[in-house]
Amino acid sequence: MEEAGAPHFPFPYQPYPIQEQFMQALYGALEHGKVGIFESPTGTGKSLSLICGALSWLRDHEEKRRQEADRLLQGDGCTSLSISSSLSTTTSSTPPSSSAEPDWITDFVQKKAERDFVSKLKVDEELRRKKREEHLEMIRNNSQLKYALKRKVEHNILILSRGELNNPEEELIVAEYEMFQFDNIMTPLSQLDSRTHSQLAQFVHEVQKSPFSQDISLVPLGSRQNMCVNEEVRRLGSVQRINDRCMEMQKNKHDQRPKEVEGGKRKRGASKAVCPYVGAQGLQTLRDTVLGAVRDIEQLLSLARETRSCPYYATRLAIPPAQLVVLPYQTVLHEGTRRASGVQLKGQVLIIDEAHNLSDVLSCIHSSELTGAQLCRAHSQLAQYSERYRSRLKAKNLMYIKQILFVVEGLVRVLGGKCKVGQNPHSQTTQAATELLTINNFLFKAQIDNINLFKVTTTTTRSQPQHTAIGTEIGEGIDGFYGYCQQPDTGQQGAAEDRELAASPMMQVEGFFMALTNANTDGRVVLHTQGSVAVSSMKFLLLNPAVHFAQVLKDCRAVIIAGGTMQPVSDFKQELLFSAGVGAERIIEFSCGHVIPPENILPIVLCSGPSGQELEFTFQNRDTPHMMEETGRVLSNLCNVVPGGVVCFFPSYDYSRRILENWEASGVLARLSSKKKIFQEPKKANQVEKVLNEFSRTIQRCAVDGGTLSGALLFSVVGGKMSEGINFSDELGRCIVMVGMPYPNIKSPELKEKMAYLDKNLPHSGGRSPGQALIENLCMKAVNQSIGRAIRHREDYACIVLCDRRYSRPATLAKLPDWIRAHTRTHTSFGPAFASLRRVIHTHLQWIIHTLCL
């Protein structure tokens, strides 16, 4: 029997002490309803610690409540302390009985209160039982599916529910967050979808390895693009086109109702394409299978193809009885998606893994962008729809449509164009310019400040074909506005049209309308006019991510924010937690070191190169021939002594291109090629795996052949395709080189506005403004993610070379993870730095040779 306060944590192997400490701290945070910031370096089993710690708490929490309920419902121990403590809140306002009062009166009052409490518990249990039966009946009748089809569709919808106990405190969500770095200030969500899918799969695999894999019911959620098994729909490619086609096919299924005709006979409407994978029986069978074993999305897709059932809807039917829901961050963090999906976070546990960029994620999710081409096409479709069905629409609906048309016309006008029937937006020219406006000023400029955008947004949301008053009103056989929008629009398609225009643009328009309902102080609108109205754009930029995180923090029982590095925590707390109204007493922090011994890591700040050239890659210095040549000499020396793989990170794609061109002309690349085979980060994401495989094979061949080549050299970019989510363990990354400091583009109007907002709304500390801190934090978060690619397990070792004297500043060093900062040495000259690196490499090579000989 475990002692109180010392929970037992099942683990697939003997955990490291830091893993035990991690799980203990996590357990306490969940038990006491805290907001926890957990930092554990990559390679220390963070995800497995999260899983085992959280599920241990859930196991114990469920068991405690089950025992409590059994005692109360069976009438055992009615005088127990649990009853007394439960009653204490109801009797606290009653004065204590006088000592002169007879004992039988006190006993009667106590027992009556206990009987009332048990009776209430039984009534509550009966209500919960009826609710469970009603919900299961809904599923059997496929009503749940119909309800899901009527909801607003985002890239990822629906989430969670711990249905068995029907207590919100016992519901557990584990959200796997995609890691990404952005250019300037944001990365479009569409670029993250496939990487999110991969991260979710990795997390599910960790659950499969855990001791809980046979006992837990897990549901993985994903977008239609990742989960659709209908090849006809999958071929459409883009997320929006797949969403639109899926919704249309589901609506077609429910529109196949008999119609009244003259003579009292009934006949069916014209046959429409319906999806063969959404039969009620098949979905229920797949739902039960999902709950029966832990599977990732790929395993689920294979099963779904065999049974010809839709995994997208089956997983959503499986949510109510599931214990663990693994899902993309959009589903939880976007209020519109939560509301449309019927998600209730009240009293639940939310665990956010890989949360180092959480502020940026929130800003990205709640930002919105529209092109002039999308606006013009939306206006054309809506105008045609209004004209075609004018006689069938109610006056109120016509009024709302006119309001939407008026708003869209105003937005096009801001971009310098006009909405004219049959006019191609490519033919309307504009002058190139960038303008940044407050929300109110933008509304004035567009002359739509007198429109209630909350009502307009509600109208567009309700205008989806499954539940629109308009769609129902215009009669059977009509797809409704969204279905109408998917018809070909010959008047707007041009040779240069963006591929996404093949799908309805109304969802993007609606998203932008919703963005404009934010408070004036919380966001800005950036206008980019360039060449023509069609390619001009407007983007809503969210400045205050805390405003959209506040409700999540308020509703959830506990929120755990975890990452390999969460530095700098003070700025993270200020911007995202304190600004969201979380008190310091609710926040706990946990940070642990690495499991590797100190001698297995050598972080070096290199202030100068072999010829004595000072290394400072400022905007003014970095393009000089002397700086580029000195960097080449540094890399040549490293490649001469480092075995296996060397990964060199440049601060941007542009600088990577320029310095490699210089090296090719000066012969540096040829010298490097004589020691290492050279690889470059590919331009296309689908080529990354191919390059990495060849990089790995080259290193393995060189280790066996023992020829002139000692391994491979990979040129990558901070924030690029290989700076996150890629493991350069063991021989793949014996040395990580960081060239310069990857500061974001401070000339970006979006970033300037974000800095100004922070300077105005957050307190200054340490002699720096919050805006300056943002720039430094963005830079060092990117650095930490890149250099963290090397050390992946206890026996691994690597050297980290930071080529820029600015890394030696105390404030900059403080932003490195503790486990790296503690061992970092600054070298003002190249000789001693190179000697220490060579010594570490030699020591480990001797150890490896000794081990092989044994």
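Colleague: What does Glu575 form with Lys754, and how far apart are the closest N and O atoms?
Modeller: Glu575 and Lys754 make a salt bridge, with 3.2 Å between the closest N and O atoms. The term here means a side-chain nitrogen of Lys or Arg within 4 Å of a carboxyl oxygen of Asp or Glu. Glu575 belongs to helix α24 (residues 569-577) and Lys754 to helix α29 (residues 749-761), so the bridge ties together parts that are 179 residues apart in sequence. Helices (H or I, at least four residues) and strands (E, at least two) are DSSP runs, numbered from the N terminus.

Colleague: Before I go on, what sort of model is this?
Modeller: This is a predicted model: local features need pLDDT of at least 70, side-chain atom pairs count only at pLDDT 80 or more, and totals for chains, interfaces and linings use all residues. Residues are numbered from 1 along each chain as its sequence is written, and side-chain values use heavy atoms, with hydrogens and water left out.

Colleague: Back to that pair. Is Lys754 buried or exposed?
Modeller: Lys754 is buried, at a relative accessible area of 6%, and Glu575 is buried too, at 15%. Buried means under 20% relative accessible area, exposed over 50%, and partly exposed in between (1.4 Å probe, protein chains only).

Colleague: How many salt bridges are there by this rule?
Modeller: The count is 32. One of them joins Arg245 to Glu248, with the closest N and O atoms 3.0 Å apart. Both residues are in helix α9 (residues 239-255), three residues apart, or about one turn of the helix. Arg245 and Glu248 are both buried.

Colleague: And what about Glu694 and Lys677, how far apart are the closest N and O atoms there?
Modeller: Those atoms are 3.7 Å apart in the salt bridge between Glu694 and Lys677. Glu694 is in helix α28 (residues 688-705) and Lys677 in strand β15 (residues 676-680), so this pair ties together parts that are 17 residues apart in sequence. Glu694 counts as partly exposed at 22% relative accessibility, and Lys677 as partly exposed at 34%.

Colleague: Which residues do salt bridges with shared partners join into one network?
Modeller: That network consists of Asp623, Asp654, Arg657, Arg658 and Glu661.

Colleague: Switching to rings. How many aromatic pairs does the search find?
Modeller: The whole structure gives 14. Rings of Phe, Tyr and Trp (its six-membered ring) pair if their centres lie within 6.5 Å; planes under 30 degrees apart count as stacked, over 60 as edge-to-face and the rest as tilted. Phe650 and Tyr655 have ring centres 6.4 Å apart and planes at 70 degrees, so that pair is edge-to-face. Phe650 is buried at 0% relative accessible area, and Tyr655 is buried at 1%.

Colleague: Last topic, the nonpolar cores. Which residues touch the most other members in the largest one?
Modeller: Leu333, Leu358, Phe549, Ile561 and Leu577 do, in a core of 59 residues. A nonpolar core is a set of buried Ala, Val, Leu, Ile, Met, Phe, Trp, Tyr and Cys residues joined through side-chain atoms within 4.5 Å. Helix α11 (residues 297-307) provides the largest share of this core, five residues. A second, separate core has 39 residues, among them Ile401, Ala446, Met506 and Leu542.
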